Amino acid sequence: MTLPPTRWELAGEDNRGYGQHFATQVARGVDVDGEARFIDALAPRGARILDLGSGMGRVAAALQARGHDVVATEPDPALRAQSEATYPDLAVLPHEALALDPDQLGGFDVVAVVGNVMVYLGEGTEVAVLERVRDLLAPDGRAAIGFHLTAIKAGSRTYPAEEFVSDVAAAGLRVVHRFGSYELHEPNDAYAVWVLAR
């Protein structure tokens, strides 16, 4: 199956500052673990967690440090190299979501799709990716998804909350919670954090 290029790929060099920004933050000792704390709160101790689009590895590494069994996936070679340099103990698969085989990987307690991954997917693949997330969940597993609702990042799309909720339902998932941040602020029109389940 030939997949359309992701919006991240199409943006090319315009996105290179993302990994460097977080590398600088980590080097300065800035707290960059907001997403990881949120996901950790959703998970049982020692959970199996999948980080889709793990970027430079900060979320997956923080979850691994908290004792979880983490599988990280990042298709961008530059980000994967940065992840391996910053977090050498974190193994990272080179796959995008639709290349992952649920039968091979098994079910996860939490599937994390944070850091604006959803707004950088290939055009028209959103429901298919959500279906893959569904298939990667353990029976009582949950997905944590966070993204900007408007296209404020280079190459990203606007993904209104109503459209996302419709896509979630089409994929056989349901919204359990919606927040405005990883610190559980009330919903707003700028950023959304979702907890989904089958």
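**Side-chain contacts**

Author: Start with Asp40. Leaving out residues up to four places away in sequence, Asp40 touches Arg45, Leu63, Arg66 and His68. Keep in mind that this is a predicted model.

Reader: Which element is Asp40 found in? And which side chain does Asp40 join in a polar contact?

Author: Asp40 belongs to helix α3, residues 34-42. Its side chain makes a polar contact of 2.6 Å with the side chain of His68.

Reader: Is Asp40 buried or exposed?

Author: Buried. The relative accessibility of Asp40 is 14%, and buried means under 20%.

Reader: Switching to salt bridges. How many does the structure hold?

Author: Seven. One of them pairs Arg7 with Glu126, with the closest N and O atoms 3.4 Å apart. Arg7 lies in helix α1 (residues 7-11) and Glu126 in helix α7 (residues 126-136), so this pair ties together parts 119 residues apart in sequence.

Reader: Are Arg7 and Glu126 buried or exposed?

Author: Both Arg7 and Glu126 are buried.

Reader: What does Arg157 form a salt bridge with?

Author: Glu163, at 3.0 Å between the closest N and O atoms. Arg157 counts as buried, at 12% relative accessibility. Glu163 is partly exposed, at 33%.

Reader: Which residues are linked in a network of salt bridges?

Author: Arg7, Glu126, Arg157 and Glu163.

Reader: And what about Arg134 and Asp135, how do their side chains meet?

Author: In a salt bridge, 2.9 Å from N to O. Arg134 is partly exposed at 22% relative accessibility. Asp135 is partly exposed too, with a relative accessible area of 34%.

Reader: OK, rings. How many aromatic pairs does a search of the whole structure find?

Author: Eight. Take Phe147 and Tyr159. Their ring centres are 5.3 Å apart and their planes are at 25 degrees, so the pair is stacked.

Reader: Why does that count as stacked?

Author: Because the planes are at 25 degrees, and the stacked class covers planes under 30 degrees apart.

Reader: Where do Phe147 and Tyr159 lie?

Author: Phe147 is in strand β5 (residues 137-148). Tyr159 is in the loop between β5 and α8 (161-170), so the pair ties together parts twelve residues apart in sequence. Both residues are buried.

Reader: Which charged end sits over the ring of Tyr159?

Author: That of Arg157, 4.0 Å from the ring centre. Arg157 is also the salt-bridge partner of Glu163. Elsewhere, the charged end of Arg48 sits over the ring of Phe108, 4.1 Å from its centre.

Reader: Which residues do ring pairs link into a cluster?

Author: Phe38, Phe179, Tyr182 and Tyr191.

Reader: Last topic, the core. Which residues in the largest nonpolar core touch the most other members?

Author: Val111, Met118, Leu130, Ile145, Phe147, Phe164 and Leu196, out of 35 residues. At least two residues of this core come from each of β1 (48-52), β4 (108-113), α7, β5, α8 and β7 (191-197).

Reader: What does Val111 touch?

Author: Among others, Leu50, Leu52, Val133, Leu136 and Leu137, again not counting residues up to four places away in sequence. Arg142, Ala143 and Ala144 are also on the list for Val111.

Reader: How many residues are in the second, separate core?

Author: It has 27 residues, including Val59, Ala62, Val92 and Ala144. As background, nonpolar side chains tend to be buried together in soluble globular proteins.

Methods:
Residues numbered from 1 in each chain as written. Predicted model: local features only at pLDDT ≥ 70, side-chain atom pairs only at ≥ 80, totals over all residues. Heavy atoms only, no water. Phe/Tyr/Trp six-rings, centres within 6.5 Å; stacked < 30°, edge-to-face > 60°. Helix = DSSP H or I, 4+ residues; strand = E, 2+ residues; numbered from the N terminus. Buried < 20%, exposed > 50% of the residue type's maximum accessible area, 1.4 Å probe, protein only. Lys NZ or Arg CZ within 6 Å of the ring centre and 35° of its normal. Salt bridge = Lys/Arg side-chain N within 4 Å of Asp/Glu carboxyl O. Polar contact = N/O pair within 3.5 Å; in protein donor to acceptor, adjacent residues only side chain to side chain. Contact = heavy atoms within 4.5 Å. Core = buried A, V, L, I, M, F, W, Y, C linked by side-chain atoms within 4.5 Å.
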